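User: Hi! I have just opened this structure and would like a friendly walk through it. Could you help me get my bearings?

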Amino acid sequence: MKYVAKCTRDQGIATLAVVASIALITLLIVLGVSRRAVNDIQQTQARITTEQSLSRAWAALDCAVAKIKHDGIHLSKDDVAAGIAQLSPCQHIAGSQLWLEPWQNSDRGMWHLYATHAQQQVGVTLAKATGARRSSFVTSGSAAFYGGNRWRPAKGKKREDGLYECHSIVAGGDVMIRPRTLGENQSKSSESSKNEEEKSQNIFTVHLGEGEECAPEYKTEVHYGEVADSRDEAETLLKKDVQTNVDNMDLFKDYFGVPRAQWKTVREQFERQGGFVVNTQGDPSLCYETLLDAVASSKHRESANAKVWVDGPCDLSREGLEALPSEPPILLVVQDGIVALRGAIRPFKGAVYQFNTDKLNAREFAEQWGMIISESGEMSCSHNDSNIQELCQLITSTVTNPEQARRVPFWFSGSFEPEGAFITDVPNGHSVVYGAFIPTYSGEVLQQSFAGLKQWRPVNNSYHDIKPPLGEG
């Protein structure tokens, strides 16, 4: 009996030990799981906190970018606080802080715009428009060129053979080049003076400086009596330096950094920087006179360029006025108006940018030319400006299609030698150059002309966030 009792007691103790061990193991497991659960909860909470802070930082940055796109921004390394002040409506949104700082050693002078909340940071790079269309003549419409022209194109890629891929014309529509022939809208005196040697020199061609050459396939050459027309399916005279029917041209954004619909933002900045703004609806000759005033003023102020914004038609004919000096570079912006020249301007160092807004349909250019088109399609001219009257008559006798004639935004009869760039941003417009138009592309002059005007914009694919390790947010 004693043995049995002792055995039973030992079994009870063993069972108790086993149960205790199991309980201890279970407790340890529970404690381990609990710690992991607590750690998971902490990590989840940290992740939620991080994402919330990032969302709040993004809210402030998105607000700042939207404001810059809508209103523009002026940035100066000498006064960073002034840049931040322009973003005040977005400062402290969702408890976030906005910051600006210039990039170090940046050729384009880029800036870093970023927003912070707690330890989270999101940002984007700001840069100015670069003027992506590198070419002697750029138009969002079509263009026709009459007469002998020798252009200096933009130099593109230099090939292994030492020749360049040149760029002379970029057009959103078609291009026609036709060196003028005898009897085509020329005065009797010019007809009588033209001999066979002159005819042989009446060539459209492009060339670079001494010792540099365009590759043959990037060098258009049209001789007297020939016609190069992109509408001709068998066309072989137009080379790769002439780009036609280019899609999705947004020239205003290329050169100013904002869509054309935001032109008022650019004009406001234009005026803030001392640019001249003139309304020429009643007198197109004010255009050239204002150019002279702007050049004189810029020299007095030692400004980097002379800026003139013309609202309405621009008659560049000098009519006995003094010639434009070679310095400083000029930016001439013509809004909702034709550009006309009868006579000669050489030199013209700078850029001409012509564009239309919703106020002026391309068809309405006919009225500024004094052009009258009857229901039957017959065209006549009546304008109180003698230069524009004569140019109108040249247009109607050269452009026989009334639909094209009424869309002509730009006409030269004489000699114009711009060094820089010429841009006509008139979709569906039809630019006609009649006479000696000798443009020389210069990227340096183009940049000088637009100095201080190109709008800041976020660089694509430059948005980023910086997340600290989990647990530190």
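**A first look around**

User: What kind of model is this, and how are the residues numbered?
Analyst: This is a predicted model, where local features need pLDDT of at least 70, side-chain atom pairs count only at pLDDT 80 or more, and totals for chains, interfaces and linings use all residues. Residues are numbered from 1 along each chain as its sequence is written, and side-chain values use heavy atoms, with hydrogens and water left out.

User: Thanks! How many disulfides does the structure hold?
Analyst: There are four disulfides, a disulfide being a pair of cysteine sulfur atoms within 2.5 Å. Counting bonded cysteines along the chain, the pattern is 1-2, 3-4, 5-6, 7-8.

User: Which cysteine does cysteine 63 form a disulfide with?
Analyst: Cysteine 63 is bonded to cysteine 90, and their sulfur atoms are 2.0 Å apart. This link is left-handed, with -70 degrees about the S-S bond. The pair links distant parts of the chain, 27 residues apart: cysteine 63 is in helix H1 (residues 2-71), and cysteine 90 is in the loop between helix H2 (80-85) and strand S1 (97-102). Helices (H or I, at least four residues) and strands (E, at least two) are DSSP runs, numbered from the N terminus.

User: And is cysteine 90 buried or exposed?
Analyst: Cysteine 90 is buried, at a relative accessible area of 1%. Cysteine 63 counts as partly exposed because its relative accessibility is 22%. For these words, buried means under 20% relative accessible area, exposed over 50%, and partly exposed in between (1.4 Å probe, protein chains only).

User: What does cysteine 166 join to?
Analyst: A disulfide connects cysteine 166 to cysteine 214, with an S to S distance of 2.0 Å. The torsion about their S-S bond is about -95 degrees, so this disulfide is left-handed. Here too the pair links distant parts of the chain, 48 residues apart: cysteine 166 is in strand S8 (residues 164-167) and cysteine 214 is in the loop between strand S11 (204-206) and strand S12 (228-229). Both of these cysteines are buried.

User: Where do cysteine 381 and cysteine 392 lie?
Analyst: These two are joined by a disulfide, S to S 2.0 Å. Cysteine 381 is in strand S20 (residues 379-381) and cysteine 392 is in helix H9 (residues 386-398), so the pair ties together parts that are 11 residues apart in sequence. The link is left-handed, with -80 degrees about the S-S bond, and cysteine 381 and cysteine 392 are both buried.

User: Changing topic: what does histidine 430 touch?
Analyst: Not counting residues up to four places away in sequence, histidine 430 touches Ser142, Ala143, Ala144, Val399, Gln404, Arg407, Val408 and Pro409; contact means heavy atoms within 4.5 Å. Histidine 430 is in strand S22 (residues 430-437) and counts as buried because its relative accessibility is 8%.

User: Which side chain has a polar contact with the side chain of histidine 430?
Analyst: That is serine 142, at 2.8 Å. A polar contact is a pair of N or O atoms within 3.5 Å; within protein, one must be able to donate a hydrogen and the other to accept it, and residues adjacent in sequence count only if both atoms are side-chain atoms.

User: How many aromatic pairs are there?
Analyst: A search of the whole structure finds 30 aromatic pairs. One of them is phenylalanine 410 with phenylalanine 422, a tilted pair at 4.5 Å centre to centre with 50 degrees between the planes. Rings of Phe, Tyr and Trp (its six-membered ring) pair if their centres lie within 6.5 Å; planes under 30 degrees apart count as stacked, over 60 as edge-to-face and the rest as tilted. Both phenylalanine 410 and phenylalanine 422 are buried.

User: Which residues form the aromatic cluster?
Analyst: The cluster consists of Phe137, Phe145, Trp151, Phe204, Phe348, Phe410, Phe412, Phe416, Phe422 and Phe437.

User: Last one: how do strands S2 and S3 pair?
Analyst: Strand S2 (residues 111-117) and S3 pair in the antiparallel sense over seven bridges; two strands pair if DSSP finds at least two bridges between them. They form a hairpin with two residues between them, and alanine 118 in the turn has a positive phi of about 55 degrees. Strand S3 (residues 120-128) is mostly covered, with seven of its nine residues buried.
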